[in-house]
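Hi,

Here is the structure I promised to pass on. Have a look at it first, and then read my notes below with the model open.

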Amino acid sequence: MSAGSQSELVAVLMILVGTIFSFLSTVGLIRLPDVYTRTHAASKSSTLGVLFTMVGTFIFFLFQEGYFSIRLFLGIFFIFLTAPVAAHAITRSAHRANVELADISVQDDLQKVRSKEREGAEAE
Amino acid sequence: MALQILLNFSLAFVWMFLNDDWSPTAMIIGFLLGLGMMYIFRRFFKGGFYFRKVIAVMKLLLIFMRELVLSTWSVIKVVLSPKMDLRPGIFALPTQLKSDVEITLLASLITLTPGTLTLKVSDDGQTLYIHAMDLSDRDEAIAQIQNTFEKAIMEVTR
């Protein structure tokens, strides 16, 4: 087996794994019960899935065409920088808008704090 | 720390001037020699030798990668199991981290490891409210993970 086809195999496997991760997180997006657990699945797809796909693409172009694409790494970097902030903003605004947690949820510490804050604001 | 990196680069440039050699190789050699010199003179720097922090950053990255793979696996198991017997919930996590940078870093790392999601940082910055996918017996385990993250972040910033 030549070196070219070996690196191609690695790239193909990585892109395949990334695609499977993205698919599984989409399944999670459909199956999970409420906003918060769905955001878990959504933020996962944009971390490991994108990471594997982009690294696979990088390896492919590096070994097949000898092209070192620093932009792919920049893309990974920016996604890792912005994905958690987006997930945080979505879930936090959902909680502020009193979106209910799923029935199976066991505990909600934040709700207590927020209702206490609201009582304090009304008392003033 | 930034000053030390700048000093290291200036030493590399002095080495390049001394040799009248403007290749990247000379730059790297000068950089490594400067690093060695700065290691010898490390007790004159205020924040300690800066390369220790570089190693701490690497360690944080490795811990992050390990957690990412492990917790992705656990979330996939939940998603694919026919009966989803997960017990999600929100719990409060007290943190010792002080500066905004540290807390932002911790919140992002918690969110990026699937299974946990930062919902809110309390106004005084003492508590993080975290939504966890499965609270059943992992409350303890999650606290443990957060401790490793917190410790690794502290090593980087202090």
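A quick word on terms before we start: a residue is called buried when it has under 20% relative accessible area, and exposed when it has over 50%. One caution as well: this is a predicted model, so everything below is computed from it.

As for length, α2(B) has 17 residues and reaches 25 Å from its first C-alpha to its last, close to the 24 Å expected at 1.5 Å a residue.

B:D20 sits in the loop between α1 (2–19) and α2 (24–40) of chain B. Its phi is positive, near 50°, in a residue other than glycine. Is B:D20 buried or exposed? B:D20 has 60% relative accessibility, so it counts as exposed.

While you are in this part of chain B, the UniProt record is worth a glance. An unreviewed UniProt entry puts the feature "transmembrane region" at residues 22–42 and 54–76 of chain B. In the model, residues 22–42 of chain B are 81% helix and 0% strand, with the end C-alpha atoms 28 Å apart. Residues 54–76 of chain B are 100% helix and 0% strand, and there the end C-alpha atoms lie 33 Å apart.

Next, the sheet. Chain B has an open sheet of 3 strands in the order β1-β3-β2, with antiparallel pairing. β1 and β2 (116–121) of chain B are the edge strands, each pairing on one side only. On average, neighbouring strands of this sheet are turned by 30° against each other, direction ignored. As background, strands of a sheet pair through backbone hydrogen bonds, either parallel or antiparallel.

How many bridges join β2(B) to β3(B)? There are 5 bridges between β2(B) and β3(B), and the two run antiparallel. β2(B) and β3(B) form a hairpin with 5 residues between them, and B:G125 in the turn has a positive phi of about 75°. β2(B) is an edge strand, yet 5 of its 6 residues are buried, so it is largely enclosed by the rest of the structure.

What packs against these strands? α3(A) lies across β1 and β2 of chain B, and runs at about 60° to β2(B). α4(B) packs on the sheet too, touching β2 and β3 of chain B, and its direction makes about 145° with that of β2(B).

That brings us to chain A. Chain A has 4 helices and 0 strands, and 35% of its 124 residues are buried. Among contacts in chain A with a separation of 6 or more, 62% are between residues 24 or more positions apart.

For α3(A), the 27 residues should span 39 Å at 1.5 Å a residue, and the end C-alpha atoms are 40 Å apart, which agrees. The buried residues of α3(A) include A:L72, A:I76, A:F80, A:A83 and A:A87. An α-helix has 3.6 residues a turn, so residues three or four places apart point the same way. After α3(A) comes A:N98, which has a positive phi near 60°.

Last, the cores, where the two chains come together. The largest nonpolar core has 34 residues, and A:F80, B:L106 and B:L128 touch the most other members. The elements giving two or more residues to this core are α1 (3–31), α2 (35–64) and α3 (70–96) of chain A, along with α3 (51–80), β1 (89–94), α4 (100–112), β3 (127–132) and α5 (139–157) of chain B. α3(B) gives the most to this core, with 6 residues.

Leaving aside neighbours within four places in sequence, its contacts include B:F91, B:L93, B:I103, B:L106, B:I110 and B:V121. There is also a second, separate core of 7 residues, and A:L32, B:V75, B:V78 and B:V79 are among them.

Technical notes: Residues numbered from 1 in each chain as written. Chains lettered and ligands numbered in written order. Predicted model: local features only at pLDDT ≥ 70, side-chain atom pairs only at ≥ 80, totals over all residues. Heavy atoms only, no water. Core = buried A, V, L, I, M, F, W, Y, C linked by side-chain atoms within 4.5 Å. Buried < 20%, exposed > 50% of the residue type's maximum accessible area, 1.4 Å probe, protein only. Contact = heavy atoms within 4.5 Å. Expected span 1.5 Å × (residues − 1). UniProt positions renumbered as here; feature names shortened; annotations may be inferred. Pairing = 2+ DSSP bridges. Axes fitted to C-alpha atoms, helices over the stretch in contact; angles between N-to-C directions.
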